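Biologist: Can you bring up the model? I'd like to go through the side-chain contacts, starting with the aromatics.

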Amino acid sequence: MKHLLLLSLVSLAATPFGFAQTATAADTKTVEQEVRQMIEQYRTALTKKDTAALERIWADDYTFINASGVIVSKAERLANLKSGATNLGTIEMAPDMKIRVYGGDVAVAINRVTLKGQYSGKATSGQFQASIVFAKMPTGWQLVCNQITPVTSP
């Protein structure tokens, strides 16, 4: 009887894992495509200073780490765009962007970008390595964190 009870408890505890879904290659490919589209929307919104679009793209707790290592919140980034302190004329992305998908609801993109403009009132131009983290929220994909690091050698 104890053996039957133990077997029942183990089976009951393991049941949720049996029903858990793992992302298939097709699911991962779909997420990668969705995130690439979101990154393009993000790039376009930044260059056009479309704060309404950025308000939707950036999660409420969004964090940006700029090329100087300064941590900037969503509210601060929006204020910088509205005031003109942030003004990006061009953002060119390298074609070899790598996107990794975790569990189907988090994606990390790594890419080299060439920027020309200014961040937080400081002139910014050149090549940067960028990391971009998207999470799938109830309202869709949102950017939760990104960072740019200057490339000092090719």
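Modeller: Here it is; keep in mind that this is a predicted model. There are three aromatic pairs in it.

Biologist: How are the rings of Tyr 42 and Trp 58 arranged?

Modeller: Edge-to-face: the centres of Tyr 42 and Trp 58 are 6.3 Å apart, with 65 degrees between the planes. This pair links distant parts of the chain, as Tyr 42 is in helix H2 and Trp 58 is in strand E1, 16 residues apart.

Biologist: Buried or exposed, those two?

Modeller: Tyr 42 and Trp 58 are both buried.

Biologist: Which charged end sits over the ring of Phe 64?

Modeller: That of Arg 77, at 3.9 Å from the ring centre.

Biologist: On to salt bridges. How many does a search of the whole structure find?

Modeller: Five. One of them joins the side chains of Lys 29 and Glu 32, at 3.9 Å from N to O.

Biologist: How far apart are Lys 29 and Glu 32 in helix H2?

Modeller: Lys 29 and Glu 32 are three residues apart, so about one helical turn separates them.

Biologist: Why does Glu 32 count as buried?

Modeller: Because its relative accessibility is 16%, and the cut-off for buried is under 20%.

Biologist: What does Glu 34 pair with?

Modeller: Lys 136, in a salt bridge with the closest N and O atoms 3.9 Å apart. Glu 34 in helix H2 and Lys 136 in strand E6 are 102 residues apart, and the pair links distant parts of the chain. Glu 34 is partly exposed at 26% relative accessibility, and Lys 136 is partly exposed at 42%.

Biologist: Which residues are linked in a network of salt bridges?

Modeller: Glu 55, Asp 60 and Lys 74. In the bridge between Lys 74 and Glu 55, the closest N and O atoms are 3.4 Å apart. That pair connects helix H4, where Lys 74 lies, to helix H3, where Glu 55 lies. Lys 74 counts as buried at 7% relative accessibility, whereas Glu 55 is partly exposed at 39%.

Biologist: Last one, the backbone. What is the phi of Lys 49?

Modeller: Positive, about 55 degrees, although Lys 49 is not a glycine. Most residues other than glycine have a negative phi. Lys 49 is in the loop between helix H2 and helix H3, and is partly exposed, with a relative accessible area of 36%.

Conventions: Residues are numbered from 1 along each chain as its sequence is written. This is a predicted model: local features need pLDDT of at least 70, side-chain atom pairs count only at pLDDT 80 or more; totals for chains, interfaces and linings use all residues. Side-chain values use heavy atoms; hydrogens and water are left out. Helices (H or I, at least four residues) and strands (E, at least two) are DSSP runs, numbered from the N terminus. Buried means under 20% relative accessible area, exposed over 50%, partly exposed in between (1.4 Å probe, protein chains only). Rings of Phe, Tyr and Trp (its six-membered ring) pair if their centres lie within 6.5 Å; planes under 30 degrees apart count as stacked, over 60 as edge-to-face and the rest as tilted. A charge sits over a ring if NZ of Lys or CZ of Arg is within 6 Å of the ring centre and within 35 degrees of the ring normal. A salt bridge is a side-chain nitrogen of Lys or Arg within 4 Å of a carboxyl oxygen of Asp or Glu.
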